[in-house]
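Hi there,

Here is the structure I promised to pass on.

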Amino acid sequence: GSDEYYYCTDIFKVCSSWSYESATDENGNDYAVLTGYNGKSSSELNIPQMLDGYEVKKIAAGTFDSVSWLEYLYINAKNPEIESGAVKDCSQLKIVEFVYGVKTIESYAFQNCPMLTSVTCEWADSIASDAFIDCSALPYQPLGAAQLEYSMADMGYVITGFAETYSGNSSGIYIPKYIKY
């Protein structure tokens, strides 16, 4: 069923209205599927880990469809699935951060976000090759699910990132912002 939950944080002192549907996973555990934001327009949104006691595990298609005021999207849910069309036609969206990684980003999940310049993520199980279609300002395409480990022995660092893939060819690496060098 559909439920609405008002999420407030002590840190920001901002209340936001989230819409979600409850679902059940293969182990019989209930979770939230985020379906919309009905709160006050803000250039920055923080998707919470929990809604009304349910863990947020999925962001549904159409959740952020043609949201012209959104510039920064921080996804605090742990390893969510991002459905096709979840973030579409967000003309001012610049930054997306998956704070705790992402399980799956489906094809066309982020579509036509022409100002998007940064996507950061600690971990991803699967990212479709066309997940960030028509995001023309993105300087790299965080595509492909392969995790690569690079060792910089001279400096004692190990860096893990996502390979950039174009037609199946690796052409670079995306380094998460959490790496200190």
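**Salt bridges and a charged pocket**

Lys 58 and Glu 83 form a salt bridge through their side chains, with an N to O distance of 3.9 Å. Lys 58 sits in strand β6 and Glu 83 in the loop between β9 and β10 (87–88), so this pair ties together parts that are 25 residues apart in sequence. Please keep in mind that this is a predicted model.

Lys 58 also meets Glu 81 in a salt bridge, at 4.0 Å from N to O. Here strand β6 (residues 54–59) is tied to strand β9 (residues 81–82), because Lys 58 lies in the former and Glu 81 in the latter. Lys 58 counts as buried at 17% relative accessibility, while Glu 81 is partly exposed at 23% and Glu 83 is partly exposed at 22%.

Elsewhere, the side chains of Lys 94 and Glu 71 make a salt bridge of 3.3 Å, N to O. The count of salt bridges comes to five.

Now to the second largest pocket, which has a volume of about 180 Å³. Its lining includes Lys 58, Glu 81 and Lys 103, along with Asp 25, Tyr 31 and Lys 57. By class, the lining has seven charged residues, one polar and one nonpolar.

Asp 25 belongs to the loop between β2 (15–24) and β3 (30–37) and is buried, with a relative accessible area of 12%. Its side chain makes a polar contact of 3.0 Å with the side chain of Lys 57. A polar atom of the Asp 25 side chain also lies 2.8 Å from the backbone nitrogen of Asn 29.

Best wishes

Note on methods. Residues numbered from 1 in each chain as written. Predicted model: local features only at pLDDT ≥ 70, side-chain atom pairs only at ≥ 80, totals over all residues. Heavy atoms only, no water. 1 Å grid on protein atoms, 1.4 Å probe; cavity = no way out; pocket = protein on both sides within 12 Å on 5 of 7 lines; lining within 4 Å. Points joined across faces, edges and corners; volume = space filled by probe spheres on them. Nonpolar A, V, L, I, M, F, W, Y, C, P; charged D, E, K, R; others polar. Helix = DSSP H or I, 4+ residues; strand = E, 2+ residues; numbered from the N terminus. Buried < 20%, exposed > 50% of the residue type's maximum accessible area, 1.4 Å probe, protein only. Polar contact = N/O pair within 3.5 Å; in protein donor to acceptor, adjacent residues only side chain to side chain.
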